[in-house]
Amino acid sequence: MNFRKISLKSGANVILGKDEDSNDYLMNDFKGKENIILHTVSPGSPFGVIDKLKPTKVEIHEAGCFVARYSQDWRDNKQNVKISVFTGKNISKEKGMKPGLWKASKSKTIIVRKKDILKIIG
């Protein structure tokens with residue numbers, strides 16, 4: 001499967017799906033686990049999984065910037081992006097849901113700012 005693997009400043013890694021199939025594979029792999037997962041509130045982004053248990057708020061924010069950077073929301077608007085944050089224990093896929101679509105419960109929302117996304121793009 002084809003993923004983006006990105007190292008955060010702390011050394012922790014984030015795994016990002018590249019399309020609906022890799023997003024499904026990634027979510028199936030982390031379903032039921034405690035890892036933090038991120039996705040834009042709007043459809044059309046990679047799922048991002050922090051490959052470290054109990055990441056810091058800074059790591060979650062930085063991972064959110066990468067999820068936003070590869071999203072349709074960022075591509076289309078170039079503005080702040082709302083990110084849903086949840087764990088693998090809070091995801092499910094119901095029969096009939098199309099590839100790449102998952103349901104997340106108990107998510108919280110963070111906002112990654114345009115200036116922070118621009119910093120990671122360089």
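This report describes the fold, the strand pairing, the ring contacts and some individual residues of a predicted model.

## Basis of the values

The model is predicted, and local features need pLDDT of at least 70, side-chain atom pairs count only at pLDDT 80 or more, and totals for chains, interfaces and linings use all residues. Residues are numbered from 1 along each chain as its sequence is written, while side-chain values use heavy atoms, with hydrogens and water left out.

## Overall fold

The chain holds four helices and eight strands, where helices (H or I, at least four residues) and strands (E, at least two) are DSSP runs numbered from the N terminus. In sequence order these elements give the pattern β-β-α-β-β-α-α-β-β-β-β-α. The chain has a radius of gyration of 13 Å, close to the 14 Å that the globule rule gives for 122 residues, so it is as compact as a globular protein of that length; the radius is taken over C-alpha atoms, and the rule is 2.2 Å times the number of residues to the power 0.38. The C-alpha trace spans about 40 × 30 × 30 Å along its principal axes.

Of the 122 residues in the chain, 44% are buried, where buried means under 20% relative accessible area, exposed over 50%, and partly exposed in between (1.4 Å probe, protein chains only). The chain exposes about 7100 Å², of which carbon and sulfur atoms supply 48%; accessible areas come from the Shrake-Rupley method with a 1.4 Å probe, and for residues only the protein chains shown count as cover. Among contacts (heavy atoms within 4.5 Å) between residues at least 6 apart in sequence, 59% join residues at least 24 apart.

## Strand pairing

Two strands are said to pair if DSSP finds at least two bridges between them. Strands S1 and S2 (residues 13-17) pair in the antiparallel sense over five bridges, with Ile6 standing opposite Val14 in S2. The hairpin of S1 and S2 has five residues between the strands, and in it Gly11 takes a positive phi near 100°.

Strand S5 pairs in the antiparallel sense with strand S3 (residues 36-40) over five bridges, and also with strand S8 (residues 108-112) in the antiparallel sense over five bridges. The bridge partner of Ile37 in S5 is Phe86, whereas Ile83 has Ile110 as its bridge partner in S8. S5 is mostly covered, with six of its seven residues buried.

Val81 is placed in strand S5 (residues 81-87) and counts as buried, at 0% relative accessibility. Beyond its neighbours within four places in sequence, Val81 is in contact with Thr40, Ala68, Asp73, Trp74, Ile110, Ile111, Val112 and Ile117.

Asn80 is in the loop between H3 and S5 and is partly exposed, with a relative accessible area of 43%. Leaving aside neighbours within four places in sequence, Asn80 is in contact with Ile111, Val112, Arg113 and Lys114.

## Aromatic rings

A pair of aromatic rings is described by the distance of the centres and the angle of the planes. Rings of Phe, Tyr and Trp (its six-membered ring) pair if their centres lie within 6.5 Å, and planes under 30 degrees apart count as stacked, over 60 as edge-to-face and the rest as tilted. By this rule there is one aromatic pair. The ring centres of Phe3 and Tyr25 are 6.0 Å apart and their planes lie at 40°, so the pair is tilted. The pair links distant parts of the chain, Phe3 being in strand S1 (residues 3-7) and Tyr25 in helix H1 (residues 20-30), 22 residues apart. Tyr25 is partly exposed, at a relative accessible area of 47%.

A charge sits over a ring if NZ of Lys or CZ of Arg is within 6 Å of the ring centre and within 35 degrees of the ring normal. Lys33 lies over the face of Phe30, at 5.3 Å from the ring centre, and Arg69 lies over the face of Tyr70, at 4.6 Å from the ring centre.

## Positive phi in two lysines

Most residues other than glycine have a negative phi, and most peptide bonds are trans. Lys54 has a positive phi near 55° and lies in the loop between strand S4 (48-50) and helix H2 (57-69); Lys54 is exposed, with a relative accessible area of 76%. Lys78 has a positive phi of about 50° and lies in the loop between helix H3 (72-77) and S5, where Lys78 counts as partly exposed at 40% relative accessibility.
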